Structures are given as C-alpha cells and as structure tokens.
Amino acid sequence: MRQLLIEHGPKQVDQFDFPKDSMQRKFSKSHYNRRLVNGDEVRRHWLQYSVSNDSVYCFCCKLFTITTTTASSLSSNGSHDWKNMSAILSGHEKSSEHLANFQSWKEFELRLRNNNTIDAEHLRLVKKEEQYWHQILKRLIALVRVLGMQNLVFRGTHEKLNTADNGNFLKFVEFLALFDPLMDVHLRKIKDNETHVHYLGKDIQNELIHLLSNAIKQKILKSACDAKYFSIIIDCTPDAGHVEQITMIIRFLDVISNPKDGVAATAYIKEHFLDFVPLKETTGAGMAETIIKQLGEMSLSIENLRGQGYDNGRNMRGKIRVSNEEF
C-alpha cells in the first residue's frame, strides 16, 4: 500500500468548500505554501487535507513514522486546530522526525523510479497484476456504457456464467471472451476457481453504473452552470415500492463554439434528466423544500431559475374541488 501511494504521489484538495468549525474557522489553501525568510514561497507537497475527517496530515510522516510515542498529530490522528495551524505546520516541518521521514519518502520514490528496490521482482509481478485488472475493468466499463446507451437490461433470472437467462451483461462477457484472449483467460480462471474476485457480480455492475451516471450528471450540471439560466420540469410518480418520487429534468441553452468550421458559436436547447428524488411529503410545501434542497446540492442557484413546469394536479386544485358537472 505504501508503494502504491508513493507511486501516485500526494494529491492536495483545492476545489472544495472547506467547512467551518464552532469558532467559524476553517482550513485555508494558503497553508499549502511555506513563506521563506527571503519572501519566496515553497509548496508543502507533503501536506494533505482529509475531506472526510476535516483534518490535515503529513504524507511522509503518516507512511514512515515507526514510533507512536513521539509522533506528531499530523502523522497519527491529524490536526484541525485552525487557529494555531500556522505554528503547528512551522514546528512540524522543522522537526527531526519529519526531516527523516521526508528523506525516506524521496529515497523510496527515487528507488521506485529506477526500479532499484529490494523487492523489485515482486513489485514487477504486482505491476503486471495491476495492469491485468486495469484491462479487465476497461472492458467492463465499456460494456456498461454500451448497455446503458442501448437501454438494455443488465441482469436476468440467473447470475452465473454459461447459464441460460443470465442477462445481457454476462452474455456479452461470454461473447467478448470468444474473440478477446484476455477476457478468455479471465473466464477460464473463474471456471477453474483460480480467482474468486472477478468483478462480474451485481454489486460491481451497480457501482459502475453509479460512477458513470455521476460523471454524466456532473458534465450536465457544468454545462448548465456555464449557461447560467435554466428551467426545470418536475413530475411525481411512485416507484415499484410505492414510494413517491420526483422526476427532475433541466432545460438550458448550450452554446458550443467550433472554430474549425468557421462558425463562431452554435446554440442548442438541451433537455436532460437529472435524477429520481424520493419525496417525503406530497404537499406543495414538501415539494418546494425538496426542489430547493436538490438545486442547492447541484450548485444551481435558484436566482437563475427562469422557468418551471409541474404535473401534480392534486396539489394544484386548491382548497375547493370543482367537479365536472359544475362547469
């Protein structure tokens, strides 16, 4: 795990709305930089912010600290003392433990780059296995995309390979194995019980669908934010479990520039489905609260909402219901 983390390197969180504590203080991105005596700034690449814990850690000390008795908070449970964070970081980066761990990090990184580690052969096999699973997942992700684009059902009556009625996903995997040597080897390992991890079950299918849908949704929301003004279409319908849910659809004007064709820009009216949102209350107030909450989570300002369309007659009929005979 340490080898994989060092290979990928530390990733610092920049585009994030850092939460405030009880004293209205929060982490600042300025802590990522260290100001030297001569006025120059040096990047603290070792400083890591945890979104889940709202704390900061030292990358190298977290990986290479051996003793916990004299360990800094940045190498154990993290620190979120935003009031004294500048002093904590200044004292930590000057400590002998941090300097030793930083040196170990850079030496290990250099050995990995030059393939001069003690277990270089073992790491080569690990890398080969990693590439194998990367290729398998690329094929499965492409398959999920095709099935989703064609609006085909994923699963059938059974969930085992080489059985009747096992669904489109497994059938396409079996078809791919007829022409793809890598997938053929993968299915042979599953058949011979050489591996119990195959990434073909319903859980990984749902996870891949969820990841791809989130990526598509974020792209749609980015286009909507770039367009600024938008409208929404809302409808309520119960699902198979009789849970009332809102169908959210967004409309906006998407301007696409294509300088290769000699056209400055082309405008398209886009209409996209966003999500099914469970509705706790079917009243007008309940719907309004849910819609406002969803727009906030999607970073869509209600001030830029320019059109609304609804289809829920029971909430629009008013207090007095008028029958057809009274018209």
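Gln24 counts as exposed, at 54% relative accessibility, where exposed means over 50% relative accessible area, buried means under 20% and partly exposed lies in between, with a 1.4 Å probe and protein chains only. This is a predicted model, in which local features need pLDDT of at least 70 and side-chain atom pairs count only at pLDDT 80 or more, while totals for chains, interfaces and linings use all residues. Residues are numbered from 1 along each chain as its sequence is written, and side-chain values use heavy atoms, with hydrogens and water left out. The chain holds 10 helices and 8 strands, which are DSSP runs numbered from the N terminus (H or I over at least four residues for helices, E over at least two for strands).

**The chain as a whole**

- Of the 327 residues in the chain, 30% are buried.
- Contact means heavy atoms within 4.5 Å, and among the contacts between residues at least 6 apart in sequence, 55% join residues that are at least 24 apart.

**Two loop residues with positive phi**

- Gln24 lies in the loop between helix 1 and strand 1 (33–35), and its phi is near 65 degrees, which is a positive value in a residue other than glycine.
- Asp54 has a place in the loop between strand 3 and strand 4, and this residue too is not a glycine although its phi is positive, at about 50 degrees.
- Whereas Gln24 counts as exposed, Asp54 is buried, with a relative accessible area of 18%.

**The nonpolar cores**

- A nonpolar core is a set of buried Ala, Val, Leu, Ile, Met, Phe, Trp, Tyr and Cys residues joined through side-chain atoms within 4.5 Å, and the largest one here has 23 residues.
- The residues with the most contacts inside this core are Ile6, Phe27, Trp46, Leu47, Tyr49, Val56 and Trp105.
- At least two residues of this core come from each of strand 3 (47–50), strand 4 (55–58), helix 2 (59–64), helix 3 (85–93) and helix 4 (96–114), and helix 2 gives the most, with 5 residues.
- A second, separate core has 20 residues, including Ile220, Leu274, Ile291 and Leu305.

- Ile6, when residues up to four places away in sequence are not counted, touches Phe59, Leu63, Phe64, Trp105, Phe108, Glu109 and Leu112.
- Arg2 is placed in helix 1 (residues 2–8) and counts as partly exposed, at 38% relative accessibility.
- Leaving out residues up to four places away in sequence, Arg2 touches Leu63, Phe64 and Phe108.
- Arg2 and Phe108 stand 106 residues apart in sequence, while their C-alpha atoms are 9.9 Å apart in space.

**Cysteines and His92**

- A disulfide is a covalent bond between the sulfur atoms of two cysteines, and for the search it is a pair of cysteine sulfur atoms within 2.5 Å.
- The search of the whole structure finds 0 disulfides, and the sulfur of Cys58 is 3.4 Å from the closest cysteine sulfur, in Cys61, which is too far for a bond.
- Both of these cysteines count as buried, Cys58 with a relative accessible area of 0% and Cys61 at 2% relative accessibility.
- His92 lies in helix 3, is buried with a relative accessible area of 7%, and touches Trp46, Cys58, Cys61, Ser72, Leu74 and His98, not counting residues up to four places away in sequence.

**Phe252 in strand 6**

- Phe252 is found in strand 6 (residues 244–258) and counts as buried, at 4% relative accessibility.
- Among the residues that Phe252 touches, not counting those up to four places away in sequence, are Ile220, Tyr229, Phe230, Ile269 and His272.
- Phe252 and Ile269 are 17 residues apart in sequence and 5.9 Å apart in space, from C-alpha to C-alpha.

**Packing of helix 6 and helix 7**

- Helix 6 (residues 167–177) and helix 7 (residues 181–191) pack at an angle of about 120 degrees, with their axes 7 Å apart; the axes are lines fitted to C-alpha atoms, for helices over the stretch in contact, and angles run from 0 to 180 degrees between N-to-C directions.
- The two helices are therefore oblique to each other, since angles under 35 degrees count as roughly parallel, over 145 as roughly antiparallel, 65 to 115 as roughly perpendicular and the rest as oblique.
- Val173, Glu174, Leu176 and Ala177 of helix 6 make the contact with Met183, Asp184 and Leu187 of helix 7.
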